[in-house]
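Here's a quick tour of the insides of this model, with the cut-offs spelled out as we go. Have the viewer open and follow along.

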Amino acid sequence: MHNAMTHKSPWIPETQETMPQTSVVFSSILGPSHSGQVQPGMGERGSGASSSGELVFQEGRLISGSLEALMEHLVPTVDYYPDRTYIFTFLLSSRVFIPPHDLLARVGQICLEQRQQLETPGSEKAKLKSFSAKIVQLLKEWTEAFPYDFQDEKAMAELKAITHRVTLCDEENGTVKKAIAQMTQSLLLSLAARSQLQELREKLRSPAMDKGSVLKAKPPATQKDILGVCCDPLVLAQQLTHIELERVSSIHPEDLMQIVSHMDSRDKHRCRGDLTKTYSLEAYDNWFNCLSMLVATEVCRVVKKKHRTRMLEFFIDVARECFNIGNFNSMMAIISGMNLSPVARLKKTWSKVKTAKFDVLEHHMDPSSNFCNYRTALQGATQRSQMANSSREKIVIPVFNLFVKDIYFLHKIHTNHLPNGHVNFKKFWEISRQIHEFMTWTQVECPFEKDKKIQNYLLTAPIYSEEALFIASFESEGPENHMEKDSWKTLRTTLLNRA
């Protein structure tokens, strides 16, 4: 067991000391061997390396280009429409270099320039209508994939300006106007829904830290524990999965890209954005920490050793069921809770626990070789999800802090720009691929029936502070060495001074 008490935010690495450990992994991901796995819409232009103006292709894949050329590649022409994969990747990654409203303004300028060319005497009206329809389709895909970009008044003003110009060529049948009206209505509904969700988030608070009654040798007799609410490990694992999917569904691609844009202090033109966009990341991270502390609280507050043993074995079974479901985030949170120092030090209790199952779980989450065992299990769950016929088999909930660290280190290890000044688009293909895969997992509908009683307990049960956990732990099993005795003495002195 790993004895660790600190629960610092794991989605923002404190140092870059572990970067060499992941650099080999990501170098292979972005190296020539990966370029053969061309995803649809990556700007295929035939085999071998080639250049089209300011865009560079390798083995049919767009790998770099100037920001201006990449923006022009986003905008349709009469004879060209960008693939959806490129649209998603560029719109997602461009915010590292330019705010969405500025990008939209530039797209509007490019559209206007192309429109003016099509409006020359003798040009066909059909081509102009075709071009206008493609512009509306691009804006539709943008507003559907990243509606939050248009919460900015500047972006909304740019959107209205572009759509107004487009409608001027559709005065006869109104097809384009109708498409614009539908797009605008859907966008406003999406923004309203997100606004309501944000208001709800602000009202919700994390479970209260139980800092009272820490001097008591045992909790009140009327106070329930988790076994009094749910004694079936599978059912509890299913309810944890319900909570995970509900919370992770509030995370959007642009939220994850904030990891890159907010941490890239070297790029003067990065999108600074609204810091509240990271709220969903922090809230989900906080859920992981709360679950870990809840597990530790449930174990440490039990007075009788026999009951503590049963509690530990119960959570081991819950973690195993989470693993079987594909809920790796809850599994890791439970293991982290049992590895916290106040729990790990309970040697007499652990001596009565059948630890074979726990050893298997820790093997899956062994941090050596960049969590190789976990990544193998995640890959297996991903393959199962891709071939699944039911929602039950589609569930993949990765360890979130590891996923975010992967994105972070991928960003830090590979530069945004190449020596020739081009955007290193190969890097952003990979970041986009990983984020898109994550978003696919978040859209799975939970197949398990919601149990409000169990979920209410998981989300609102009192959680001991770090100090309270140590006090409860020492009261259950006294200090065994000088360090623990000194800690126990300090805690008691602190409590007496407060009284």
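## Cavities

The count comes to 3 cavities of 30 Å³ or more. A cavity here is a set of points on a 1 Å grid over the protein atoms alone where a 1.4 Å probe fits but cannot get out; points are joined across faces, edges and corners, and a volume is the space filled by probe spheres set on them. The largest cavity holds about 70 Å³ of space.

This is a predicted model, so local features need pLDDT of at least 70 and side-chain atom pairs count only at pLDDT 80 or more, while totals for chains, interfaces and linings use all residues. Residues are numbered from 1 along each chain as its sequence is written, and side-chain values use heavy atoms, with hydrogens and water left out.

## Who lines the largest one

Lining residues have an atom within 4 Å of a point. For the largest cavity they are Cys111, Leu112, Arg115, Phe131, Ser132, Ile135, Ile162, Arg165 and Val166. Two or more residues each come from α5 (100–118), α6 (125–145) and α7 (153–167); helices are DSSP runs of H or I, at least four residues, numbered from the N terminus.

By type, that lining splits into 6 nonpolar, 1 polar and 2 charged residues. Nonpolar covers Ala, Val, Leu, Ile, Met, Phe, Trp, Tyr, Cys and Pro, charged covers Asp, Glu, Lys and Arg, and the others, Gly among them, are polar.

## Nonpolar cores

A nonpolar core is a set of buried Ala, Val, Leu, Ile, Met, Phe, Trp, Tyr and Cys residues joined through side-chain atoms within 4.5 Å. Buried means under 20% relative accessible area, exposed over 50%, and partly exposed in between (1.4 Å probe, protein chains only). The largest core has 133 residues, and Leu236, Leu256 and Phe315 touch the most other members. Helix α12 (residues 279–300) gives the most to this core, with 12 residues.

Leaving out residues up to four places away in sequence, Leu256 touches Ile251, Leu281, Phe400, Phe403, Ile435, Phe438 and Met439, where contact means heavy atoms within 4.5 Å.

## Two residues up close

His242 sits in helix α10 (residues 233–248) and counts as buried at 14% relative accessibility. Beyond its neighbours within four places in sequence, His242 is in contact with Cys446, Phe448, Glu449, Lys450 and Gln455.

Thr460 belongs to helix α22 (residues 452–460) and is partly exposed, with a relative accessible area of 49%. A polar atom of the Thr460 side chain lies 2.4 Å from the backbone oxygen of Asn456. Thr460 and Leu294 are 166 residues apart in sequence and 9.9 Å apart in space, C-alpha to C-alpha.

Note on methods:
Polar contact = N/O pair within 3.5 Å; in protein donor to acceptor, adjacent residues only side chain to side chain. 1 Å grid on protein atoms, 1.4 Å probe; cavity = no way out; pocket = protein on both sides within 12 Å on 5 of 7 lines; lining within 4 Å.
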